[in-house]
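Hi everyone, thanks for coming. Let's take a few minutes to look at a structure together, starting with its sheet and then moving on to its aromatic rings.

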Amino acid sequence: MMLLKVMGWKVVDRFERPPKFFAIAAPHTSNWDFPMFLSIAFVLDIKAYWMGKHTLFRRPFGVLFRWLGGLPIDRSVRTNTVQQCIDLFRENNRLVLANAPEGTRKRVETWKSGFYHIAVGAGVPIAFAFLDYGKREGGIGGHLYPSGDYGSDMTKIKGFYK
């Protein structure tokens with residue numbers, strides 16, 4: 001995309017993409033992450049669906065955010081979001097689902113684990129999406145097929161993001 005080039009950004013793609021995968025987008029630290037994510041997904045020809053807190057989908061932006069692939073999540077009620085996402089993967093031949101594992105833009109010590117359980121339950125790889133504002137590059141830097149050993153797999157995932 002021309003905007004990324006004008007801004008001096010490089011798009012990285014180190015993942016031969018299967019038709020279905022879960023992309024974790026980390027770290028999520030800025031409101032700029034969203035437009036940058038969409039721009040890089042466009043360059044990589046990825047139609048990604050993403051989860052956001054339900055309050056983002058109110059007027060006037062709700063229709064736009066849904067059109068851009070947004071799936072509202074109400075974290076105040078238990079709706080078994082993990083199983084719903086697994087079902088989405090099972091119902092679709094092609095699906096890219098993205099989410100920030102921190103669950104917020106604030107710095108957190110522990111990531112939410114839903115993305116991992118979704119990937120295991122759906123049998124899809126986890127792609128490591130990233131934005132490096134210092135280097136002015138973003139994209140997909142690697143991936144992991146989850147083994148079911150959460151601790152071991154998280155060590156590998158966190159190792160990429162160090």
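What is the order of the seven strands in the open sheet? The order is 1-7-6-2-5-3-4, and the pairing is mixed. Strand 1 (10–13) and strand 4 (70–73) are at the edges with a single partner strand each, so one side of each has no neighbour in the sheet. From one strand to the next, the twist averages 25 degrees.

A word on where this comes from. The model is predicted, so local features need pLDDT of at least 70 and side-chain atom pairs count only at pLDDT 80 or more, while totals for chains, interfaces and linings use all residues. Residues are numbered from 1 along each chain as its sequence is written, and side-chain values use heavy atoms, leaving out hydrogens and water.

Now some terms. Helices (H or I, at least four residues) and strands (E, at least two) are DSSP runs, numbered from the N terminus. Two strands pair if DSSP finds at least two bridges between them.

Strand 3 (residues 48–53) and strand 5 (residues 95–99) run parallel, joined by three bridges. Y49 stands opposite L97 in strand 5. For that, NZ of Lys or CZ of Arg must be within 6 Å of the ring centre and within 35 degrees of the ring normal.

Next, helix 6 (residues 150–161). Helix 6 lies across strand 2 (20–25), strand 6 (126–132) and strand 7 (137–144), at about 25 degrees to strand 6. Axes here are lines fitted to C-alpha atoms, for helices over the stretch in contact (heavy atoms within 4.5 Å), with angles from 0 to 180 degrees between N-to-C directions.

How many aromatic pairs does a search of the whole structure find? The search finds 16. Rings of Phe, Tyr and Trp (its six-membered ring) pair if their centres lie within 6.5 Å; planes under 30 degrees apart are stacked, over 60 edge-to-face, the rest tilted.

Why is the pair of F128 and Y161 edge-to-face? Because their planes are at 65 degrees, with the centres 6.1 Å apart. F128 is in strand 6 and Y161 in helix 6, 33 residues apart. F130 and F160 are edge-to-face too, at 6.1 Å and 70 degrees.

To finish, F22, W111, F115, F128, F130, F160 and Y161 form one aromatic cluster. K158 lies over the face of W111, 4.3 Å from the ring centre.
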